[in-house]
Amino acid sequence: MSGGQRLVPLTPDSLDEAQRRLYDAVLASPRGQAARLIRRDDGSLTGPFDAWLRTPVLGEHLERVGMALRTDTVLPAAAREIAVLVVAKAWSADFEWWVHGIVARREGVAESAIDAIGKGRRPLLEDAACQAAHDVAHELVERRRLEADTLERARKDLGERALVEVVTLVGFYQLVSGILESFDPPGPSAELPVVGPPAGVARAGSDLYEAAATTRAVRRLRPDPVPDAILERVLRAATWAPSGGNLQPWHVIAVRDPARKRALAALYRDLWADYASARRALVAPLPEAIREPAERALQAGDYLADTLQDVPVVNVFCFHPDRLHITDAGLGRPSVVGGASVYPAVQNLLLACRAEGLGCVLTTLLCSREQEVRQLLEIPEPWATCAFVPIGWPVGGGHGPLSRRPVDQVAFGDRFGAPLFEPPTDEEAR
Ligand SMILES: Cc1cc2nc3c(=O)[nH]c(=O)nc-3n(C[C@H](O)[C@H](O)[C@H](O)COP(=O)(O)O)c2cc1C
């Protein structure tokens with residue numbers, strides 16, 4: 001939005017009676033959070049409304065249609081928002097894209113779907129009504145017709161009433177887009193609370209390799225809430241992990257209660273302080289090239305320790321010791337196999353957070369304070385804790401490139417130590 005003044009915005013003191021009626025109706029309408037976007041600091045209206053004030057009676061009818069499309073339709077809200085986003089994308093209508101992106105996230109539309117629509121790709125949606133709404137909207141805006149098979153599929157998945165509603169909605173939002181693109185009104189003054197990834201957050205979408213290659217510890221997290229629908233999606237991804245005998249011997253407690261988060265943070269701060277000072281002492285004599293990245297990670301860790309109480313969700317993974325298949329017990333060395341029935345779930349959660357643009361980090365320091373955590377979160381015996389994963393929208397760029405040993409140094413062929421792959425050439429290593 002360039003903020004060009006094709007129409008000089010009308011402030012409330014300049015309105016006649018009919019304009020005032022429309023102005024009041026727009027602000028009184030139950031638009032929820034979006035209402036905060038509509039009125040600018042000087043009292044003028046954003047979106048299509050300032051333009052409609054020029055023809056207030058027509059504007060009143062249009063405003064009522066806009067509200068009716070939200071409140072008097074059977075079309076599910078997520079499907080509705082997907083259709084609006086398709087129109088906004090086709091028209092490159094930034095304001096519409098931005099506002100309806102917020103609403104879509106609140107209604108549980110997946111980041112990967114919004115991302116795909118933004119890139120002009122067809123998202124594959126689990127919900128048949130959402131898929132139908134997308135396909136109808138896309139065909140209408142791209143081809144200006146509805147093919148018979150799209151119509152039939154949509155009739156089946158939406159029913160005739162919602163099908164007519166989605167076609168009407170597409171027409172209405174094309175009208176709105178035309179107003180926005182013609183008059184280019186200034187954007188809103190209000191800062192909205194973040195209900196989805198802030199602009200610029202890197203999301204890996206659904207590309208597994210990209211997600212895995214960029215899922216690093218993100219410890220600087222914003223306090224803005226994680227919508228329930230997104231939390232449910234990332235925790236569902238955790239449940240897809242394998243476990244010995246498929247027993248899934250774990251639970252996760254999503255801690256959002258401020259008092260409990262404060263108590264976890266108080267425990268964590270002390271543990272981190274001890275860990276960080278030992279680590280700083282260890283790296284102090286090392287060359288700059290090693291010390292500098294270590295110090296950066298430690299500073300991020302300091303940040304997390306200082307702000308853990310403000311992180312929107314701390315996911316506490318618990319496991320049942322009697323339900324693990326511990327095939328390496330009794331070998332006279334630390335046993336690790338039990339953890340293999342839980343940590344894949346934790347990794348799935350991290351990857352799902354990555355796909356959503358959420359920052360996250362696997363932490364285990366609090367495991368040493370299990371008794372206090374057990375009391376705090378009312379974890380019954382013999383359930384025990386094995387991982388604490390704070391998640392939230394990243395403060396900075398969030399996930400990104402990893403620093404890991406190259407595969408030729410990690411993978412052997414046939415016997416321990418035998419090379420499997422050639423080391424990368426200097427060119428490839430760069
Ligand atoms: C088993 C395990 C325990 C960890 N515990 C903590 C922790 O308590 N606090 C923390 O800030 N990071 C913790 N981490 C994160 C690691 O420090 C991080 O993954 C590692 O340094 C690599 O950093 P990167 O993922 O940003 O490349 C833990 C990671 C693992 C796998």
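Let's start at valine 167, which sits in helix α9, spanning residues 148-183. Helices here are DSSP runs of H or I with at least four residues, strands are runs of E with at least two, and both are numbered from the N terminus. The model is a predicted one, in which local features need pLDDT of at least 70 and side-chain atom pairs count only at pLDDT 80 or more, while totals for chains, interfaces and linings use all residues. Residue numbers run from 1 along each chain as its sequence is written.

Leaving out residues up to four places away in sequence, valine 167 touches Val136 and Leu140, where contact means C-beta atoms, placed from the backbone, within 7 Å. Valine 57 is 110 residues from valine 167 in sequence, and their C-alpha atoms are 24 Å apart.

Now step back to the whole protein. It has 17 helices and four strands, and its C-alpha atoms fill a box of roughly 85 × 55 × 50 Å along the principal axes. Of its 430 residues, 33% count as buried. Among contacts with a separation of 6 or more, 77% join residues 24 or more positions apart.

Finally, the ligand. Around it are 13 residues, the closest being Arg216, Ala217, Thr363, Thr364 and Leu365; a residue is near if its C-beta atom, placed from the backbone, lies within 6 Å. This shell holds seven nonpolar, four polar and two charged residues. Nonpolar covers Ala, Val, Leu, Ile, Met, Phe, Trp, Tyr, Cys and Pro, charged covers Asp, Glu, Lys and Arg, and the others, Gly among them, are polar.

Notes. Buried ≥ 20, exposed ≤ 12 C-beta atoms within 10 Å, placed from the backbone. Contact = placed C-beta atoms within 7 Å.
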